[in-house]
Amino acid sequence: MAEHAPSMDAVPGAAPTTAPVAPSDAPADTAAPATDGLAPDEAADAARPRRSDATRAAILAAARDRFAADGYERATIRAIARDAAIDPSMVMRYYGNKAGLFAATSEIEVHAPDLTHYPRDEAGARLVRHFVERWESDETLTAMMRVGVTNEAGAERMRGVFAEQIKPVLAAVCPVPEEAPTRAALIASQILGMALCRYVLHLPPAVDLGRDELIAWLAPTVQRYLTAEHP
């Protein structure tokens, strides 16, 4: 099926121009839920959400890899659909266009800890540990890092995550609230810098550090950025 250029070239992050509709012909190779004792129409309704979830997961996984490898501009719906082993029309049905798909793949919830719940002198270590554990358990963050260093749309999304989810957390413990944006940028230089070296570039010294050793190195610097009265 041919791709429709106008819908795929929409501005990244914009709402899809076509409302996603759950398809009835989603791939059926996923194990279906138990339907014993259900009427035929009830059994069909029970099976459809499982197929839908599996299809969306396959599309998002393929899209993250493709955006990371090719960047936003070069990635195509056709290539993503091929990687997910589905028809391109299915991608369009779920996400409307490439911009809608990119927005879905870049939804990141970092679940930053409330640092006011911990002793002040532990804030740096708590924050670093949280992010190290997230990086090591969530492929979405690594994929978005790859996109962010190669593509402006990905970089903008990463900036948005820090602006929306990290700065408020820092502001709660920052001794000079108006400096929270600056301190957030400094903390990002440490956390994102290490993530780039460890999880994307795979620099041997960074990769070889144990988790606790890595946290011990980063925490004092992040602690200073968080709570020091002045540089």
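Me: What is the volume of the largest pocket?
Reply: This is a predicted model in which local features need pLDDT of at least 70, side-chain atom pairs count only at pLDDT 80 or more, and totals for chains, interfaces and linings use all residues. Residues are numbered from 1 along each chain as its sequence is written, and side-chain values use heavy atoms, without hydrogens and water. A pocket is an open set of points on a 1 Å grid where a 1.4 Å probe fits, with protein on both sides within 12 Å along at least five of seven lines; probe spheres set on the points fill its volume, and for the largest pocket that volume is about 260 Å³.

Me: Which residues lie closest to the centre of the largest pocket?
Reply: The lining (residues with an atom within 4 Å of a point) has 17 members in the largest pocket. By class, 12 of them are nonpolar, three polar and two charged. Closest to the centre are M158, R159, F162, A188 and L192.

Me: Which helix gives the most to the lining of the largest pocket?
Reply: Helices are DSSP runs (H or I, at least four residues). α7 (139-148), α8 (152-171) and α9 (180-200) each supply at least two lining residues. With eight residues, the top contributor is α9.

Me: At what angle do α7 and α9 pack?
Reply: The axes of α7 and α9 are 10 Å apart. T142, M145 and R146 in α7 meet L192, A195, L196, Y199 and V200 in α9, where contact means heavy atoms within 4.5 Å. Axes are fitted to C-alpha atoms, and between α7 and α9 the angle is about 100°.

Me: Which residue forms a salt bridge with D212?
Reply: The whole structure holds 10 salt bridges, each with a Lys or Arg side-chain nitrogen within 4 Å of a carboxyl oxygen of Asp or Glu. One of them, at 3.1 Å (N to O), joins D212 to R129. Because D212 sits in α11 and its partner in α6 (residues 123-137), the pair ties together parts 83 residues apart in sequence. The partner of D212 is R129.

Terms used. Ala, Val, Leu, Ile, Met, Phe, Trp, Tyr, Cys and Pro count as nonpolar, Asp, Glu, Lys and Arg as charged, and the others, Gly among them, as polar. Axes are lines fitted to C-alpha atoms, for helices over the stretch in contact, and angles run from 0 to 180 degrees between N-to-C directions.
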